[in-house]
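Subject: Structure handover

Hello,

Here is the structure you asked for, sequence included. My notes follow below it.

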Amino acid sequence: MNFSLSRATLIAEADLVGIAGERAVCDRRGVLYFPDLRLLAVSDLHLEKGSSFARRGALIPPYDTGATLLRLQAVIADYQPRIVVSLGDSFHDGGGAERMHESFRGQLEAMMAGRDWFWVAGNHDPEAPADLPGETVRELAIGSLLFRHEPSKLRVEGEISGHLHPCARIVQRGRSVRRRCFAGDGGRMIMPAFGAYTGSLNVLDRAYAGLFRLETLVAYMLGAERIFAISGSMLRPG
Amino acid sequence: MPPRYLLRVTEQPRLAEQNAAVLLPEPFVKWFGQKGWSPRAHQLELLAKAQSGQSVLLIAPTGAGKTLAGFLPSLTELASRPKRKPGQARRGIHTLYISPLKALAVDIERNLGKPVEEIGLPVTIETRTGDTPSHKRQRQKLAPPDILLTTPEQLALLIASNGAKRFFEDLRYVVLDELHSLVTSKRGHLLALGLARLRAFVPDLQTIGLSATVAEPDELRRWLVSQAAPGAMSELIVVTGGAKPEISILDSEERVPWAGHSARYATPEIYREIKRHKTTLLFVNTRSQAELLFQELWRVNEDTLPIALHHGSLDVAQRRRVEKAMGENALRAIVATSTLDLGIDWGDVDLVVHVGAPKGASRLAQRIGRANHRMDEPSKAILIPANRFEVLECRAALDANYLGAQDTPPLVNGGLDVLAQHVLGCACGAPFHTGALFDEVRTAAPYASLDRPTFDRVIDFVATGGYALRNYERYARIRQTKEGFWRVSNPAVAQQYRLNVGTIIEVPALNVRYVQAGSRGAASRGGRVLGKIEEAFLETLTHGDTFMFAGKILRFEGIRENECFVSNAPGSDAKVPYYGGGKFPLSTYLAEQVRAMLDDPQRWKKLPEQVADWLRFQADKSVLPKRDDLLIETFPRGNRYYMVAYPFEGRLAHQTLGMLLTRRLDRAGAKPVGFVATDYALAIWSLADMGWMFKNREPSLATLFDQDMLGDDLEAWFADSWLLKRTFRNCALISGLIEKRHPGKEKSGRQVTVSTDLIYDVLRSHEPDHILLQATRTDAATGLLDVSRLAEMLSRIRGRIMHKNLEQISPLAVPIMLEIGKMPVNGEADETLLMDAATLVEEAMGPEMTD
């Protein structure tokens, strides 16, 4: 494997997180990178969410796809992964890929070129995206890792999923701070949503019940400059 | 006792009687005679002007009989209207009455119904508010009453419905109550646009505005009439006088605190006053002050006097109970916030106590008008300053009230978000032509200076979102026909519009519901709802925390969906003080008065001795600022260096100044750590010695306070300030970019379809000149940031900055220094808090935790 200098400096030992024996970087921009596999995972892009709303009369700005792709392009340029896994809900709805503007399609295809690209099926986009390369899969096992859109109720060591759009909240000195986060307990990891218009759900919400070993739960909250690892006991609901 | 709008004959000038005979139809004269009353001169004057076809603004103090005056033209005209013959078409609405409060409309229905019945007028009066059942609304459309009492939102809905033109074609008068309070908000903008539409339906429509005293009556006069002829104004009638209120400032035997807002020290003295009077109305500035004062009063309420609490977050049923008890004179005291500000008559209040400084002279006058609702008897009021600066402020306000000074805010241009809402509403009612609607909109005073390109952009926004990337043509909400008319593209658009009409944005709030102590909800649903409380406050609570609400000390049990569960807390001390700072910023006028007072030791004689002493100490240890100067003190304390500035320009302007100065100090290498702003002062603390830096002109204070900070620094800070995001959310909701409610689904708070913060970020980076961002910046600059006031201040103090470098804290600096730590510092330090939390974890668990 050949790391360029800039890539190597991105990864400090201290930033590495262990998931079922694999080492991963929780990037503060919301992607997960496995240096040993040269694999980049990103979840819940929700491309074309803007136009999906517009169809129903809410004319929110049509720039979300562009914004999301631009950020994705930046992380891909930094890590130069061999494999990219888009963990489902890549498009906000089944017609999303079709509606996508030509220029965005071109941008996406340029990113995909020269690497293995997997579209994991999500609940918003169960079918393969129209006219785009890449392989659509229900789930994907690589090494000790299992990539799927929705976390399974059964405990699966090494499961990497999305779907729930985790965020975490802390209260310090009477002030509340809420941020998107990676949520992991050493065994499984739920990724934050990456899309520009994606909302989030607190990791202490009922929807997460039974998914984590609470005593080892850590929320890796996304900061402006870095990730903040906050232990589950410090987190607040809501 | 006669109702408040009438006076005994003996108190009236004879001229009025003569006029009355000319202007009033026979049954009215007879009725006045039977009652032994006589109409007032201004009531007849208004009638005469209205009868000659004029629109009129009536400015009068509370208790002057404004309401009857406003309706006399309608009632007399309706009295002499020929009876409808059988088979003749139904007549439409004759008079539309619009008030800012639902409760006021209901109140008027009652007050107006009585004389109508007694005179035997063939006049039907009905209300139409959000509470009106839909069958009644339907019926009102088919068989309209003669007089319809309603709110601005209902008018917008009526305009957006099919057949609006027919519904209003017989309209003669629009009576606008409490106009002074309506015009200053976005509700006023929407209402002005609605009036313009009504005038397009009925060109000779007359308006009658009823208002409390304002600083610039001409602004309201223009507001009332079409601006097709630029600058046109309504007629004006001003009723002056009324008895001079007896206002005093509590000269407490206790020590007046340096800082804080609770006025807890004065509780026993307030209680003594309550005992001495029949009914006392206690005004405070914020809901949390209301809760605190209520608790404190009950703590000393040995005689268990009936003392009640009234504020906007309490459950409606609870509020109605209090209002009813008050009307029946069953209460001895009511602790209230601004929900009781407006002109509702609540029985015989003989004392108003104002706790905390009133923040504006006009506000004080209006609140005091609540007492003794008869114009010719003096109102009695006591001001209770909560801290020492408030003593100065109360004194200034008191002088102002005696002088009749007015400091109502100037009117601002109409919001573009409101215009967007109105444009869609118009399309829902009937197809419109761009040029015609543009001309119509410009007849509304707030939009008189609107230019055509901006209007075209608003239309474009309503149609397809107005984006440079023209992706949404196929999803257009309104479309232009071949003939050039804009019409709604499908019925769902109109349905959506109706659900989202209005400009009142509710802060995300949760129901507060009782459960059994220790339970987290599920099992014990169904306890009583006490009211609503903001999500933002609840977010700072942990299970088991106690706080005050609805006059109780409550224990926080948890949050479930949109409900906050609470139980009765044992003890009597709320652990979490529930305080959000002052609600209104200090008015410019009062600020100037306070500065003048500091500069004039002669005026200190009127101040309580302990406060005058404090100022003398200041003169001794440091210096007192001159009236037009800005005093800056610097001093070290602990391991920090402090700078305290005393602009007296209000909290908002100071907050903005604080944000901008810290940016500049940071660039200058002062390493600022934080700042805190009050209505009077601004304190910044840093790691480097700012006193030394200023003395050596590195940088000089003149450079630091240069007006150019309102250029790039302001723009840069605007970029991702949470304040801007909050403003954007309001604009997005009002303009209809996103929905408050969607058919079939109740959306609220965080569940709003897509977070507006995310939309803001995306839009700002891709289309920074989008019309909605333009609207947001304008709003923020006038409202939240008070940029114009800051600009005036910076220009006033050029060359007039006085720097005092001290060894230690000065007496004048004590109040603001005490606020440090009590007030959240600002919204930008989130990362620091995260860092703290992450560090705590590492300390407790060791670094392997993150491995």
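Which residues does A:Phe91 touch, not counting those up to four places away in sequence? In this predicted model, they are A:Leu47, A:Glu48, A:Gly96, A:Ala97, A:His124, A:Asp125 and A:Pro129. A:Phe91 itself sits in the loop that runs between β5 (83–86) and α4 (96–99) of chain A. Because 29 other C-beta atoms lie within 10 Å, A:Phe91 counts as buried.

Chain A as a whole

Chain A has five helices and 16 strands. Its C-alpha trace spans about 45 × 45 × 35 Å along the principal axes. The radius of gyration of chain A is 17 Å, which agrees with the value near 18 Å that a compact globule of 238 residues would have. Of those 238 residues, 48% are buried. Among the contacts in chain A with a separation of 6 or more, 68% are between residues 24 or more positions apart.

One strand of chain A that I looked at is β11 (residues 166–172). Five of its seven residues are buried, so β11(A) is largely enclosed by the rest of the structure. β11(A) runs parallel to strand β14 (residues 201–202) of chain A, and two bridges join them. Within this pair, A:Cys167 stands opposite A:Asn202 of β14(A).

A sheet in chain B

In chain B, five strands make an open sheet with mixed pairing, in the order β20-β19-β23-β22-β21. The edges are β20 (529–534) and β21 (546–549) of chain B; each has a single partner strand, so one side of each is left without a neighbour in the sheet. From one strand to the next, the twist averages 45°. The partner of β21(B) is taken up here in more detail: strand β22 (residues 552–560) of chain B runs antiparallel to β21(B), and four bridges join the two. B:Thr546 has B:Arg555 in β22(B) as its bridge partner.

Where the chains meet

The contact between the chains involves 41 residues of chain B and 38 residues of chain A. On the chain B side, the elements giving two or more residues are α20 (491–500), α29 (756–766) and α33 (830–845) of chain B. The largest share of that side, 10 residues, comes from α33(B). By class, the side of chain B that touches chain A has 23 nonpolar, 10 polar and eight charged residues.

Confidence

The model scores ipTM 0.89 and pTM 0.84. For chain B the mean pLDDT is 84, and 86% of the residues reach 70 or more. Within chain B, strand β7 (residues 173–176) has the highest confidence, with a mean of 98, and strand β1 (residues 7–8) the lowest, with a mean of 36.

Two stretches of chain B call for caution. Over residues 1–13 of chain B, pLDDT stays under 50, and the model has 24 contacts beyond four places in sequence for them. Residues 844–851 of chain B also stay under 50, with nine contacts beyond four places in sequence. Where pLDDT is low, the predicted coordinates should not be read in detail.

Regards

Key:
Residues numbered from 1 in each chain as written. Chains lettered and ligands numbered in written order. Predicted model: local features only at pLDDT ≥ 70, side-chain atom pairs only at ≥ 80, totals over all residues. Pairing = 2+ DSSP bridges. Axes fitted to C-alpha atoms, helices over the stretch in contact; angles between N-to-C directions. pLDDT = per-residue confidence, 0-100. Contact = placed C-beta atoms within 7 Å. Rg over C-alpha atoms; globule rule 2.2 N^0.38 Å. Buried ≥ 20, exposed ≤ 12 C-beta atoms within 10 Å, placed from the backbone. Nonpolar A, V, L, I, M, F, W, Y, C, P; charged D, E, K, R; others polar.
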